[in-house]
Amino acid sequence: MSEADFAITTPIYYINGDPHIGHAYASIATDIIARFKRLSGFNVHFSTGTDEHGIKVARSAENAGMDVRKFSDLMSQKFKDMTRTVNLSEDDFIRTTEERHKKSAQAFWKLLEKDIYAGAYVGWYSARDEEYVPESEVVDGKAPSGAPVEWMEEESYFFRLSAYQDRLLDYYEKNPDFIAPPARRNEVISFVKSGLKDLSISRNKFDWGIPIPDSNGHVMYVWIDALTNYITSLGFPEDTEHVSRMMENCTHIVGKEILRFHAVYWPAFLMSAGISLPKRIFAHGWWTHDGQKMSKSVGNVVDPFDIIKNCGLDPLRYFLFREIHFGEDGDFSHKALKDRTSYDLANDLGNLVQRVLAFIQKLDGHLTVNYNFLEEDEILFRNSRNLIKKMHSRIEKQDLCGALDVVWSLVSESNKFTNDMRPWDLAKSDVPRLNAVLTALCESIRAISFGIAPFMPDTARKIFDFMNVEGKSFAELENNFVSQKFPPPVPLFPREK
Ligand code: ME8
């Protein structure tokens with residue numbers, strides 16, 4: 001496969017609270033796609049980070065009785081720790097309080113200036129969502145998200161968003177895959193069709209933000225600052241050609257609640273700045289916990305650190321993407337996680353690997369390859385060699401669940417093949433046949449371990465090590481095994497104590 005550019009991003013997270021399962025979810029999804037692309041030979045840039053400015057963070061620092069800078073350092077570190085705990089392979093962790101980002105956001109603002117004018121914002125604002133809320137959407141003092149709104153009257157700069165309505169609609173039409181999944185795309189289109197108002201993009205009643213160039217007292221609206229992180233990470237304002245090229249190959253993974261910012265405001269800003277638009281904006285769904293919305297006040301927030309301590313990381317990484325289709329909402333339950341771990345992982349995958357490799361250990365740990373296949377071996381072999389191609393078409397659509405389904409059908413097929421071929425009998429009656437059956441099975445296990453590698457990198461690494469496979473690139477799957485000695489395997493998913 002060819003070396004080509006690919007960029008992918010997580011949302012950058014507000015640091016008003018500790019990281020929870022929702023943040024881990026968006027980050028792991030992005031990581032899975034980044035790893036898949038790297039294994040496919042792409043030159044990948046994967047960025048994540050923290051969104052640190054704005055009224056919401058300033059108030060959280062105040063409530064914690066801390067200086068906002070110290071608070072940001074402390075909280076951002078927790079998100080950085082999460083990236084290690086969930087085993088992200090990010091190339092960049094960006095903080096919006098970094099100097100490189102200030103420089104980038106200010107340079108970006110300058111590019112927008114022809115579309116910016118001074119005015120005053122008078123209306124409602126939701127600090128929790130960091131979003132302006134039209135009067136018509138306020139019900140009982142609340143925004144549609146349920147967050148309280150407050151009245152705001154202040155001088156502000158505006159971005160001429162209204163001027164981009166037709167260009168955006170035209171862009172959506174010409175690029176039908178720009179926003180996914182399709183149902184979300186339709187929501188965005190009807191929102192834009194209903195009429196775009198100019199957007200207030202600065203605040204002057206607080207100062208926790210990036211100062212607007214040459215304008216005393218104004219700081220940028222936190223969303224313009226936050227969205228710019230994507231190009232800061234690509235090196236903006238230096239080498240704008242590289243930035244544009246990477247953007248053209250960039251996928252933004254975002255939660256459904258912030259799609260409007262990414263699919264309407266961000267493309268309009270980029271059009272105005274003359275920078276290429278991203279290739280795809282994918283909105284994923286939300287997790288609830290035992291049927292309830294997760295909230296700090298209810299005390300039902302799922303802590304990824306706890307789960308990982310109890311169940312291990314790879315089972316969680318697997319569960320989140322097998323249990324529900326990426327793009328849809330899902331309900332988290334510890335029982336469902338346990339069930340998936342014991343049925344799909346320990347029983348199906350773990351047993352397959354264990355029974356085949358432990359059997360090879362009985363033969364002195366020696367795999368004597370024989371590619372002289374009968375038709376049934378050939379079928380398994382061909383399905384193994386085609387696995388990554390099948391996954392590829394699903395990963396291209398961010399269909400992570402579909403990609404796992406494809407892997408698990410090969411797991412089932414391989415378990416059935418083992419039952420049908422009865423290698424333990426062949427060992428007594430027909431050694432060349434036994435070697436062909438084991439070669440076909442090792443081919444399928446190797447393909448499966450590449451298939452799971454983006455999802456469960458540590459588990460895949462264990463299998464690669466059992467089979468002396470390097471595991472660096474899908475291209476390795478083109479090579480036949482050579483006769484060799486394998487080290488003894490250990491169980492992949494030890495049963496829970
Ligand atoms: O919105 N289920 O940050 P944020 C699934 N800073 N995903 C969830 C989730 C849940 N219950 N809760 C959070 C912001 N997420 C802005 C983004 S980007 C330029 C700026 C995930 O800390 C989901 O991906 O509120 C959501 O979009 C993201 O965390 C929001 O994180």
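E396 is partly exposed, with a relative accessible area of 29%, whereas K37 is buried at 5%; here buried means under 20% relative accessible area, exposed over 50%, and partly exposed in between, with a 1.4 Å probe and protein chains only. The side chains of K37 and E396 meet in a salt bridge of 2.7 Å, N to O, a salt bridge being a side-chain nitrogen of Lys or Arg within 4 Å of a carboxyl oxygen of Asp or Glu. Because K37 lies in helix 1 and E396 in the loop between helix 14 (387-395) and helix 15 (400-421), this pair ties together parts that are 359 residues apart in sequence. Helices (H or I, at least four residues) and strands (E, at least two) are DSSP runs, numbered from the N terminus.

The structure holds 32 salt bridges, including one between the side chains of E150 and R59, at 2.8 Å from N to O. E150 belongs to strand 6 (residues 150-159) and R59 to helix 2 (residues 55-63), so the pair joins parts that are 91 residues apart in sequence. E150 is partly exposed at 30% relative accessibility, and R59 is partly exposed at 33%. Another salt bridge links the side chains of K103 and E238 (3.3 Å, N to O); K103 lies in helix 4 (residues 99-112) and E238 in the loop between helix 7 and helix 8 (240-248), so parts that are 135 residues apart in sequence are tied together. K103 is partly exposed, with a relative accessible area of 46%, and E238 is partly exposed at 48%.

## Basis of the model

This is a predicted model, in which local features need pLDDT of at least 70 and side-chain atom pairs count only at pLDDT 80 or more, while totals for chains, interfaces and linings use all residues. Residues are numbered from 1 along each chain as its sequence is written, and side-chain values use heavy atoms, with hydrogens and water left out.

## Surroundings of the ligand

The ligand is surrounded by 22 residues, of which the closest are I12, D51, E257, H284 and W287; a residue is near the ligand if one of its heavy atoms lies within 4 Å of it. The shell divides into twelve nonpolar, eight polar and two charged residues. An oxygen atom of the ligand is 3.5 Å from an N or O atom in the side chain of H23, a backbone N or O atom of G255 lies 3.0 Å from a ligand oxygen atom, and an N or O atom in the side chain of E257 is 2.7 Å from an oxygen atom of the ligand.

Taken alone, the ligand exposes 670 Å², and the protein buries 95% of that, with accessible areas taken from the Shrake-Rupley method with a 1.4 Å probe. Strand 1 (5-14), helix 1 (21-39) and helix 7 (222-233) are the elements that give two or more residues to the shell, and helix 7 gives the most, with five residues.

V264 lies in helix 9 (residues 259-273) and is buried, with a relative accessible area of 0%. Leaving aside neighbours within four places in sequence, V264 is in contact (heavy atoms within 4.5 Å) with L161, L168, Y172, V188, F191, V192, L196 and L259. The C-alpha atoms of V264 and E153, which are 111 residues apart along the chain, are separated by 25 Å.

How values were computed
Polar contact = N/O pair within 3.5 Å; in protein donor to acceptor, adjacent residues only side chain to side chain. Nonpolar A, V, L, I, M, F, W, Y, C, P; charged D, E, K, R; others polar.
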